[in-house]
Structures are given as C-alpha cells and as structure tokens.
Amino acid sequence: MFAPDTHPSNEALDALITKYPETSGCLFQVYNDILYAQSWTDVNVVDLGLVLDFPRGAVKGRRDAGTLVYVVPCALTEFLTYAWLQNAFRALENPSEIYLGISADDSSIVYYKLSAGIVKPPV
C-alpha cells in the first residue's frame with residue numbers, strides 16, 4: 001500500500017499537500033514526473049496561495065539547465081476559466097510563459113505551454 005509520508009518527495013511536498021488537499025494529487029504527480037522522469041534541475045514547489053487567493057502549489061525548475069520554468073498542476077476534470085489562468089500568471093509574478101501540467105486519473109500527464117499575451121508560434 002502506498003504511504004505518501006514514506007515517499008522520497010514527501011519532504012518537499014508535505015506542507016502544500018496538507019495545505020491544499022483538493023489539488024494534492026495533481027501536485028504530487030507533476031512534481032514527481034518533472035523531478036524523476038523529465039530530470040529537470042533546481043526543482044522546487046511554490047505556494048501560489050501566498051500571493052493571491054489561488055489555493056494550490058506549483059512547480060518551478062530548469063529544463064536542460066536552461067531558464068526557469070513554472071508548471072501549474074491541475075486535474076483533467078477541473079474547470080479552468082480565463083480568470084483562473086490570469087490568477088496563475090499573477091501568482092507567479094507574471095512570467096512570460098507557464099505550463100499547465102494536466103493530470104488524469106490514470107496518472108498520465110500532458111503539459112500545455114501558455115504565453116502571456118499574443119505570441120507568434122515558431123515557424
């Protein structure tokens with residue numbers, strides 16, 4: 001049986017999992033995928049509820065030792081609005097882009113890149 005308190009990522013996630021139990025599954029899945037499967041560096045969690053009333057944690061880290069990237073975990077079943085997305089950007093102090101880490105009940109995760117404003121796609 002799985003016991004979250006014995007998982008290696010418990011130390012990094014425990015405070016936010018306890019604080020935001022509604023989004024804890026998404027945060028757990030995305031954090032572990034980024035750290036162990038995607039092998040990002042400088043991976044940390046960010047409490048988005050400290051800046052705005054946006055009750056969830058996010059993950060920040062570096063892909064390929066590049067620039068700092070933010071991922072906001074959410075469930076496939078969550079209803080996201082434009083205001084929700086604006087709050088995500090504001091809570092992270094308006095980076096030029098964020099990723100949504102959308103997790104499903106079968107533990108699959110899809111990452112969507114969102115940019116602030118209108119951005120021309122790469123050709």
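Leu-48 touches Phe-54, Arg-56, Gly-57, Ala-58, Val-72, Ala-91 and Leu-92, leaving aside residues up to four places away in sequence; a contact here means heavy atoms within 4.5 Å. The model is predicted, so local features need pLDDT of at least 70 and side-chain atom pairs count only at pLDDT 80 or more, while totals for chains, interfaces and linings use all residues. Residues are numbered from 1 along each chain as its sequence is written, and side-chain values use heavy atoms, with hydrogens and water left out.

Leu-48 also belongs to the largest nonpolar core, which has 15 residues; Leu-48, Phe-54, Val-72, Trp-84, Leu-92 and Ile-98 have the most contacts inside it. A nonpolar core is a set of buried Ala, Val, Leu, Ile, Met, Phe, Trp, Tyr and Cys residues joined through side-chain atoms within 4.5 Å. Buried means under 20% relative accessible area, exposed over 50%, and partly exposed in between, with a 1.4 Å probe and protein chains only. Two or more residues of this core come from each of β3 (68-75), α3 (82-91) and β4 (97-103), and α3 gives the largest share, four residues. Helices (H or I, at least four residues) and strands (E, at least two) are DSSP runs, numbered from the N terminus. A second, separate core of 14 residues includes Leu-13, Tyr-31, Trp-40 and Tyr-99.

Arg-56, one of the residues touched by Leu-48, is placed in the loop between β1 (41-47) and β2 (57-62). Arg-56 counts as buried because its relative accessibility is 5%. Its side chain makes a polar contact with the side chain of Glu-78 at 2.6 Å. Such a contact is a pair of N or O atoms within 3.5 Å; within protein, one must be able to donate a hydrogen and the other to accept it, and residues adjacent in sequence count only if both atoms are side-chain atoms. Beyond residues up to four places away in sequence, Arg-56 touches several others, including Tyr-20, Val-72 and Trp-84.

Two residues stand out by their backbone angles. Most residues other than glycine have a negative phi. Asp-42, in strand β1, has a positive phi near 50 degrees. Ser-107, in the loop between β4 and β5, has a positive phi of about 75 degrees. At 47% relative accessibility, Ser-107 counts as partly exposed.
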